[in-house]
Amino acid sequence: MNKVVRRLAGIPAGSWTKWVVMGFWVVVLVVASPLAGKLMHAYKNNASSWLPASAESVKVYNVQSRFQSPNTYSGVVVYYRASGLTAADRAKAAADARKFAAIHTVVPGTVVGPIPSADGKAMQTLVSVNTGSNGWNGTVTPVASMRAIAAAGANGMASHVTGYLGNAADNARAFKGITSTLLYAALAVVIVILLITYRSPVLWLLPVISSLVALAAASAVVYLLAAHAGLTVNEESGGILYVLVFGASTDYALLIVAR
């Protein structure tokens, strides 16, 4: 009995076991890498994906979705001149409204205005955009077009695209590339710490490589859950996944190397 136990206990430390383990993780990496690369395409960045389903705002959003597309973003194009709007300003805003209506993703019939303010210093044009399945990422291009149209030939009149539409476009630009930025930043910090800790030009590669493999496996699993099991993943949670998995796997690799 003791011999059997010894043999079983010796398997993890056997001369061939390390090659089996390495081969297993190579297979995992080969299978997981293509799936991990698809994770960004599974992000959901509509309003309901940023809060729990029990949140009151999400409940209102879901009820509202019964009457209008949840992919519709409403915005306001605001014009302002401190000295008071001129006839040319009003004519330009009216011409801009017609150009807004011609933008590909603008919902037909939703462009309203320009509507002047009571003091004659400002006016606004209402417009809605349908981004389809692109979420808030689909707001960047139409908002950029609106801002360019409103700014062209303004002759000193200020203009802004605001409301839900403008806010969504600004957030989409702010979060664009956040996943890769967080990953590269975490990778750089970890490499510096490992170089200082081990004082070796090559030893730091062991925990880093193992962490990258773990990250690929975790991203693949999350993608499968998001694509086929209804898991909601947005750009923020995707970025957090990279940092947490990379950090945790590096810590465990350090413990194993230290032993």
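A residue gets called buried when its relative accessible area is under 20%, and exposed when it is over 50%. Keep in mind that this is a predicted model.

Q: Why does Ser128 count as buried?
A: Its relative accessibility is 11%, and the cut-off for buried is under 20%. Ser128 therefore counts as buried.

Q: Where is Ser128, and what does it touch?
A: Ser128 is in strand 3. Skipping residues up to four places away in sequence, Ser128 touches Thr72, Tyr73, Ser74, Thr105, Val106, Val107 and Thr110.

Q: What makes Arg81 buried rather than exposed?
A: Same test: buried means under 20%. Arg81 comes in at 15% relative accessibility, so it counts as buried. Arg81 lies in the loop between strand 1 and helix 4.

Q: How do you know that the side chain of Arg81 makes a polar contact with the backbone oxygen of Ala154?
A: A polar contact needs a pair of N or O atoms within 3.5 Å, one able to donate a hydrogen and the other to accept it. The Arg81 side chain reaches the backbone oxygen of Ala154 at 3.2 Å, and that of Asn155 at 3.1 Å.

Q: Which residues is Arg81 in contact with, leaving aside neighbours within four places in sequence?
A: Those are Asp89, Lys121, Ala154, Asn155, Gly156 and Met157.

Q: What makes a set of residues a nonpolar core?
A: The members have to be buried Ala, Val, Leu, Ile, Met, Phe, Trp, Tyr or Cys, joined through side-chain atoms within 4.5 Å. In this chain the largest such set has 24 residues, and the ones with the most contacts inside it are Val77, Tyr79, Phe100, Met146 and Leu165. Two or more residues each come from strand 1 (72-80), helix 4 (87-102), strand 3 (122-130), helix 5 (140-151) and helix 6 (163-175). Helix 6 gives the largest share, five residues. There's also a second, separate core of 20 residues, which includes Leu183, Leu215, Val222 and Ala226.

Q: What is Tyr79 in contact with, beyond its neighbours within four places in sequence?
A: Its partners include Ala93, Asp96, Phe100, Lys121, Met123, Ala150 and Met157.

Q: How much of the chain counts as buried, and how many helices and strands does it have?
A: Of its 259 residues, 34% count as buried. The chain has nine helices and four strands, running α-α-α-β-α-β-β-α-β-α-α-α-α from the N terminus.

Notes
Residues numbered from 1 in each chain as written. Predicted model: local features only at pLDDT ≥ 70, side-chain atom pairs only at ≥ 80, totals over all residues. Heavy atoms only, no water. Buried < 20%, exposed > 50% of the residue type's maximum accessible area, 1.4 Å probe, protein only. Contact = heavy atoms within 4.5 Å.
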